[in-house]
Amino acid sequence: RKTTSPPGYDENDYVVERMEVPVDGVRVPLTLVRRKDLPASGSETPLLLTGYGAYEESADMQFDSDLVSLLDRGVVAASAQVRGGGDLGPGWHDAGRLSRKENSFRDFLACAHHLIERGYTGPGRIAAWGASAGGLLVAVAAQREPGLFASVVLEVPFVDVINTLLDPGLPLTEHDFDEFGNPSVAADYHWIRAYCPYDNIRQQAYPPMLVTGAMNDRRVGYWEALKWAARLRSMRSDDNPLLVKIDDTGHLGESGRYEAAKESAIIYTFLLDMWGLTADVK
């Protein structure tokens, strides 16, 4: 879906590819966009991989004028349409929620490996970016296979799943029981505990991370980002950057055109720096 194009943009300079990644007997949709003049293979090519995988929301790749600045610097962008989202209908959603939530994480990691195997990028050159439930997705991926990632961006991430769902005073707790389960129920607790990012932090090396939170967020409390970062700093075995940015905004970030552009600029600067492309920023 196309919106306003930036000055000088020519759609003929870019190519969109659609592929399917085999995982556990299903085929996970994966959409990719890159410049046509960028070689289709290269183990050093920086790649941005995004995902969501919850609430039956589709993760189809839409036109983003901000993203053009990354594509023009040789970055490949890809969207993994993992189970838990709504990309292939209600059954796709059901296959990635409650006791089947592990499918979302398997799908995302399988898509990362597929892109490496196909030669679009290499280990340690992928940046993972997820917001809210997508932050949960990329947090789990980074914990399980940190060597895949050059960096990870977690915007208002849902990373303290058990403690949040045990708090009846939060506005979305009971609503989220249908998506993630109720940790007050023993069976639900065990499957949530197996992946909950906050409860699974361990002493190991983690990729560089940028974590954001919003003071007026009624969906994901800003304290989740702070708790995640604090515990990670106390247990990790690396000295990679772990940046935390808390704003006086809501779940969807800044609403003004220029303020939203500033948010994108901060994240893009972090990504470019971690890829070693900062010198190319104009």
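Predicted model: local features only at pLDDT ≥ 70, side-chain atom pairs only at ≥ 80, totals over all residues.

Q: What is the mean pLDDT of the protein chain?
A: The mean is 91, and 94% of the residues reach 70 or more; pLDDT is the predictor's confidence in each residue, from 0 to 100.

Q: And where is confidence lowest, and where highest?
A: The lowest mean, 88, belongs to helix α9 (residues 257–275), and the highest, 98, to helix α3 (residues 102–117). Helices here are DSSP runs of H or I with at least four residues, strands are runs of E with at least two, and both are numbered from the N terminus.

Q: How do α3 and α4 cross?
A: The axes of α3 and helix α4 (residues 133–144) come within 9 Å and cross at roughly 65 degrees. α3 is therefore roughly perpendicular to α4, a label for angles of 65 to 115 degrees. Axes are lines fitted to C-alpha atoms, for helices over the stretch in contact, and angles run from 0 to 180 degrees between N-to-C directions.

Q: Which residues meet there?
A: On the α3 side they are E102, S104, F105, F108 and L109, which meet L136, L137, V138, V140, A141 and R144 of α4; contact means heavy atoms within 4.5 Å.

Q: New topic: how many disulfides are there?
A: A search of the whole structure finds 0 disulfides, a disulfide being a pair of cysteine sulfur atoms within 2.5 Å.

Q: Is C111 buried or exposed?
A: C111 counts as buried because its relative accessibility is 0%. C196 is also buried, with a relative accessible area of 0%. Buried means under 20% relative accessible area, exposed over 50%, and partly exposed in between (1.4 Å probe, protein chains only).

Q: What about E44, and where is it found?
A: E44 is in the loop between β2 (26–35) and β3 (47–51), and its 56% relative accessibility makes it exposed. Its C-alpha atom is separated by 8.5 Å from that of P123, 79 residues apart along the chain.

Q: Last one: what is the phi of Y55?
A: Y55 has a positive phi of about 60 degrees although it is not a glycine. Most residues other than glycine have a negative phi. Y55 lies in the loop between β3 and α1 (68–71) and is partly exposed at 26% relative accessibility.

Definitions and conventions: Residues numbered from 1 in each chain as written. Heavy atoms only, no water. Parallel < 35°, antiparallel > 145°, perpendicular 65-115°, else oblique.
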